[in-house]
Amino acid sequence: MANVSPTANFEDGTSVRKEDVRELKSEAYPLPPVRQDAFGDESNAQVKYKVLSWWQAGFLMVAETISLGILSLPKAMAGLGIVPALIILLGLGIIATYTGYVIGQFKLRYPHITGMADAGEILWGPIGREIVGFAQLLLLVFIMASHILTFTVALNTITGHGTCSIVFGIVGMIASCILSLPRTLTNMTWLSIISFGSIFIAVMISMVALGIQNQPGIVQVTASTTLVNGFVSASNIVFSYASHNSFFTFMAELKNPKDFPKALALLQTIDISLYIITSVVIYRYVGEDVKSPALSSAGATVSKICYGVALPTILIAGVLNGHIAGKAIYLRVFTGTKHLHTRSWVGIGSWIGVSVGLWILAWIIASTIPVFSNLLSLMSAMFFSWFTFSLPGMFWLKMNKGLYFSSKRKIFLTILNSLIIAMGLVLCGMGLYTSGVAIHNDPGTGTFSCANNA
């Protein structure tokens with residue numbers, strides 16, 4: 001019996017084969033081509049990037065996040081009072097978890113994304129790609145600068161200002177360049193574990209020493225503060241959660257991007273718990289005179305020990321941010337070329353050149369604005385408010401365009417994400433003003449100064 005193709009019948013009585021209908025639809029409404037991610041097919045690649053497991057990505061995120069931020073939290077708590085600070089710590093932790101999840105969903109919706117620049121292109125086209133990409137790069141360089149600055153504070157503390165602070169900054173820059181040599185995130189995993197262990201042990205030593213040395217002080221439920229000081233404190237709490245700008249980069253190198261929520265859960269469980277415990281204990285035993293970074297509050301001898309133990313995380317957390325900055329430039333130049341997946345002289349030499357150039361720029365910035373707490377606040381206001389809050393809210397609105405009021409759940413999430421966007425804008429505007437005033441009123445040790453900044 002002859003095969004008869006199924007037909008589609010129309011109201012006027014005509015009929016055509018269903019295969020023809022599908023062909024006509026394909027010609028009239030062609031499906032958009034699936035965009036390949038920057039790394040492409042790595043089955044035969046010499047250098048493979050997409051090999052991260054979720055726990056490796058989780059520890060990379062932990063190492064990047066729990067570093068400088070935790071050193072400023074006890075002072076932030078002193079500036080706000082224990083109750084407002086705890087509310088902000090816990091509240092921002094929950095919101096940061098949600099916005100991180102939204103970033104993960106956005107990546108799954110648009111698999112070609114490898115960085116914030118790609119996400120900016122989806123929102124606003126080529127101009128958005130350039131603006132968001134430049135903002136992320138500038139943010140990462142500022143983070144690198146803050147790690148160099150903290151490295152100089154640490155060495156000044158350990159050595160009793162043994163030499164010019166500029167020399168310590170150069171030493172930190174060179175060490176960071178060396179640690180930045182690996183091209184893949186999987187080769188940075190062992191550094192991330194060392195980094196987390198380093199800051200964890202240093203903070204534990206500091207808390208135990210303060211508990212032995214000091215009597216519990218007076219804890220203020222709420223603190224009397226000015227607008228500038230209060231917002232600087234709040235901005236430093238924002239900084240402690242703000243590693244969202246690099247989430248796309250971590251997801252891009254996961255074996256299975258769908259595992260990202262596991263990595264995010266690992267990060268947020270560790271950082272929220274450790275932030276609350278550390279800030280409460282150190283503030284309880286030091287009081288309103290707690291310093292930023294907090295390791296300086298444990299006394300001269302203990303501070304030297306703590307800074308010595310914390311040196312790996314001060315370097316490595318900055319190196320991870322430097323790696324992400326370098327990766328953004330590297331992918332922009334070499335995507336689609338053989339050098340991305342080979343150990344050619346051009347590929348290796350270019351990676352080294354990009355890393356060294358970024359660290360030199362970071363050292364210049366660190367030597368120009370040597371005021372630790374105010375520098376954190378400035379970065380939080382300019383960048384983190386967008387990457388952690390406003391942009392993820394916009395990602396959700398983009399993914400759900402046309403569905404904002406389709407159900408009660410969508411209405412709630414539409415309102416929630418709109419409020420998150422507004423919160424990011426307020427943090428940006430007010431933070432820029434207050435951190436600018438703070439830097440103006442507290443010039444620190446000056447630019448390119450040899451003075452002791454410990």
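**Exercise 1. Classify the cysteines by burial.**
Task: decide whether Cys428, Cys177, Cys164 and Cys450 are buried or partly exposed.

Solution.
Step 1. Cys428 has a relative accessible area of 12%, so Cys428 is buried. The structure is a predicted model, and this value is computed from it.
Step 2. The cut-off needed here is that buried means under 20% relative accessible area.
Step 3. Cys177, with 15%, is also below that limit and therefore buried.
Step 4. Cys164 has 16% relative accessibility, so Cys164 counts as buried.
Step 5. Cys450 has a relative accessible area of 40% and is therefore partly exposed.

**Exercise 2. Find and describe the disulfide.**
Task: state how many disulfides there are, which cysteines are joined, and where in the chain the partners lie.

Solution.
Step 1. In general, a disulfide is a covalent bond between the sulfur atoms of two cysteines.
Step 2. The cut-off is a pair of cysteine sulfur atoms within 2.5 Å. The count by this rule is 1 disulfide.
Step 3. The partners are Cys164 and Cys450, with an S to S distance of 1.9 Å.
Step 4. This bond ties together distant parts of the chain, as the partners are 286 residues apart. Cys164 sits in the loop between helix H5 (116–159) and helix H6 (165–179), while Cys450 belongs to the segment after helix H14 (408–441).
Step 5. The angle about the S-S bond is -85°, and the link of Cys164 and Cys450 is left-handed.

**Exercise 3. Classify an aromatic pair.**
Task: work out what kind of pair Trp396 and Tyr404 form, and say whether each residue is buried or partly exposed.

Solution.
Step 1. The whole structure contains 13 aromatic pairs.
Step 2. In the pair of Trp396 and Tyr404, the ring centres are 6.5 Å apart and the planes meet at 25°.
Step 3. Planes under 30 degrees apart count as stacked, so Trp396 and Tyr404 are a stacked pair.
Step 4. Trp396 has a relative accessible area of 6% and is buried, whereas Tyr404, with 24%, is partly exposed.
Step 5. Elsewhere among the aromatic residues, one cluster is made up of Phe106, Tyr110, Phe248 and Phe395.

**Exercise 4. Describe the chain as a whole.**
Task: give the helix and strand counts, the buried share, the share of contacts between residues 24 or more positions apart, and the accessible surface.

Solution.
Step 1. The protein chain has 14 helices and 2 strands.
Step 2. It has 454 residues, of which 54% count as buried.
Step 3. Among contacts with a separation of 6 or more, 83% are between residues 24 or more positions apart.
Step 4. The accessible surface is about 19,800 Å², and carbon and sulfur atoms account for 67% of it.

Key
Residues are numbered from 1 along each chain as its sequence is written. This is a predicted model: local features need pLDDT of at least 70, side-chain atom pairs count only at pLDDT 80 or more; totals for chains, interfaces and linings use all residues. Side-chain values use heavy atoms; hydrogens and water are left out. Helices (H or I, at least four residues) and strands (E, at least two) are DSSP runs, numbered from the N terminus. Buried means under 20% relative accessible area, exposed over 50%, partly exposed in between (1.4 Å probe, protein chains only). Contact means heavy atoms within 4.5 Å. Accessible areas come from the Shrake-Rupley method with a 1.4 Å probe; for residues, only the protein chains shown count as cover. Rings of Phe, Tyr and Trp (its six-membered ring) pair if their centres lie within 6.5 Å; planes under 30 degrees apart count as stacked, over 60 as edge-to-face and the rest as tilted.
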